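Open the model in your viewer and keep the sequence panel beside it. The stops below run in order.

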Amino acid sequence: TSRRYPLSVYLNYGLAELNLQYNPQVWSQDFNHSTRLSNVKSQEIRNKYQVFENLSYGNRAEEKLDIIIGNAMNEAQPAPVFVFFHGESWGQTSKQDACYLAELILEKKGVFIAVNVSKIEEAPLSEIVRQSQAAVAWAYHNIAD
């Protein structure tokens, strides 16, 4: 289905111009290098800490999340939970690649949750918002387990 957008989407930007502003592949000189570093660091984190992978928070195939738990968790006290929604609209990353951000949370004895949602090309924004809400609700109701 084709979408209809007004000629001016935001300020004087048309849709194509606005999309370029949000696409680091276009304006970042070291996008590929940064992506490789993020992927390597994410794998290091996943190897170092306990990871529960591909837990379903909904019915769609992409509605999955990963939970990473720090080694020094104290089960007697609740841990802070950080839910991260990565930007995958350019098709370059997924929840697995976003784990490089987890280390500070894990060092502070927190829990890091990386969430996948639909790509913007595959679902309307309202569906992505619904998925985000569902992931947070799932975490709230299930994190103690």
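This is a predicted model. Start in the segment before helix H1 (15-21), where Tyr10 is found. Select Tyr10 and colour by accessibility: the residue is partly exposed, with a relative accessible area of 49%. Together with Tyr10, they make a nonpolar surface patch of about 330 Å².

**Next stop: the aromatic rings**

How many aromatic pairs are there? The count comes to 3. Select Phe82 and Phe84. Their rings are stacked, at 6.5 Å centre to centre and 15° between the planes. Phe82 is partly exposed, and its relative accessible area is 36%.

Is Phe112 buried or exposed? Phe112 has 0% relative accessibility; buried means under 20%, so Phe112 counts as buried. Now show Phe82, Phe84 and Phe112 at once: ring pairs link them into a cluster.

**Next stop: helix H3**

Move to helix H3 (residues 31-48) and select Ser42. At 1% relative accessibility, Ser42 is buried. Which residues touch Ser42, once neighbours within four places in sequence are left aside? The contacts are Gln96, Asp97, Ala98, Cys99 and Tyr100.

**Last stop: the nonpolar cores**

Select Tyr57, Leu65, Ile67, Ile69, Val111, Ile113, Val115, Val117, Ile128, Ala135 and Ala139. These 11 residues make up the largest nonpolar core. Strand E2 (64-69), strand E4 and helix H5 (125-142) each give two or more residues to this core.

Centre on Ile67 and show its surroundings. Leaving aside neighbours within four places in sequence, Ile67 is in contact with Val111, Phe112 and Ile113, among others. The contacts of Ile67 also include Gln50, Val51, Phe52, Leu55, Trp138 and Ile143.

Finish with another core, which lies apart from the largest one and has 8 residues. Among them are Tyr49, Ile68, Cys99 and Leu106.

Notes
Residues numbered from 1 in each chain as written. Predicted model: local features only at pLDDT ≥ 70, side-chain atom pairs only at ≥ 80, totals over all residues. Heavy atoms only, no water. Patch = residues over 30% accessible without salt bridge, like charges linked within 9 Å, V, L, I, M, F, W, Y side chains within 5 Å. Areas by Shrake-Rupley, 256 points an atom, 1.4 Å probe, with all protein chains shown as cover. Salt bridge = Lys/Arg side-chain N within 4 Å of Asp/Glu carboxyl O. Helix = DSSP H or I, 4+ residues; strand = E, 2+ residues; numbered from the N terminus. Buried < 20%, exposed > 50% of the residue type's maximum accessible area, 1.4 Å probe, protein only. Phe/Tyr/Trp six-rings, centres within 6.5 Å; stacked < 30°, edge-to-face > 60°. Contact = heavy atoms within 4.5 Å. Core = buried A, V, L, I, M, F, W, Y, C linked by side-chain atoms within 4.5 Å.
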